[in-house]
Amino acid sequence: MKRMNLHDLTFNAPKNGYAPAEDSWLLAEHLPNVTGKKCVDMGCGSGIQSAALAINGAAEIWSVDQNPHALETTKKLFEKYFPSARIHLVESHLFEALARETFDIIVFNPPYVPSEKIQWKEVDGGKKGREIIDAFLNQMPHHLAKNGACYLLQTSLNGKRTTEKILEEKNLKGTIIATQKLAFEELWVWKITEK
């Protein structure tokens with residue numbers, strides 16, 4: 001049986017949600033083999049990262065979003081393409097509803113657009129685009145399993161040094177594993193692990 005390719009799938013933007021764009025594809029295409037691993041797609045949106053995790057062999061996928069329409073969109077995507085996948089759909093702002101759950105792989109394409117206030121939750125990241133990123137980085141280490149890895153997308157507009165400083169404070173190691181230059185910014189995919 002031919003292995004499914006991410007580009008074979010059709011993704012839909014959820015109501016009040018984000019349609020896959022350059023950042024989504026960059027992150028999805030740089031996720032590793034996750035065979036047998038427990039994974040979380042934080043802010044699942046259209047379900048593209050959840051789908052990438054399924055294709056890459058995840059044993060269990062937690063698709064999390066504060067937008068119930070995103071969860072419904074991801075559910076329909078999995079019913080169509082991955083009906084036998086073990087998926088949990090969780091309505092939550094970041095890790096709030098996940099209590100003591102830990103994950104081998106954590107994936108997040110956050111809202112990162114610098115904005116005076118967060119009006120469009122799917123894209124606005126607040127001041128310097130860092131409000132959601134920083135909240136995530138504060139919570140994420142408590143949910144990363146031993147020997148686990150986090151894959152985080154960020155733009156150069158958010159500042160690399162700030163991310164590096166937070167990771168250092170949390171005793172985490174961050175490596176940029178992929179980049180893509182756009183008109184006014186550069187996209188980065190961070191791989192974050194314990195030191």
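This is a predicted model: local features need pLDDT of at least 70, side-chain atom pairs count only at pLDDT 80 or more; totals for chains, interfaces and linings use all residues.

Student: Which residue is the bridge partner of I105 in β7?

Tutor: A149. β4 and β7 pair in the parallel sense, over 5 bridges.

Student: And what is the strand order in the open sheet?

Tutor: β3-β2-β1-β4-β7-β9-β8, with mixed pairing. β3 (87-91) and β8 (172-181) are the edge strands; each has a single partner, so one side of each lacks a neighbour in the sheet. On average, neighbouring strands are turned by 15° against each other, direction ignored.

Student: Which strands does α2 touch?

Tutor: α2 packs on the sheet against β1 (38-42), β2 (60-65) and β4. Its direction makes about 160° with that of β1. Helix α4 (residues 131-139) lies across β1, β4, β7 and β9, at about 175° to β7.

Student: Switching to the core. How many residues are in the largest nonpolar one?

Tutor: 29. L6, L53, F82 and I105 have the most contacts inside it. The largest share, 6 residues, comes from α2. There is also a second, separate core of 25 residues, including V40, F136, M140 and I192.

Student: A52 next. Buried or exposed?

Tutor: Buried, at a relative accessible area of 3%. A52 sits in helix α2.

Student: What does A52 touch?

Tutor: L6, A28 and L31, leaving out residues up to four places away in sequence. A52 and W25 are 27 residues apart in sequence and 9.6 Å apart in space, C-alpha to C-alpha.

Conventions. Residues are numbered from 1 along each chain as its sequence is written. Side-chain values use heavy atoms; hydrogens and water are left out. A nonpolar core is a set of buried Ala, Val, Leu, Ile, Met, Phe, Trp, Tyr and Cys residues joined through side-chain atoms within 4.5 Å. Buried means under 20% relative accessible area, exposed over 50%, partly exposed in between (1.4 Å probe, protein chains only). Helices (H or I, at least four residues) and strands (E, at least two) are DSSP runs, numbered from the N terminus. Contact means heavy atoms within 4.5 Å. Two strands pair if DSSP finds at least two bridges between them. Axes are lines fitted to C-alpha atoms, for helices over the stretch in contact, and angles run from 0 to 180 degrees between N-to-C directions.
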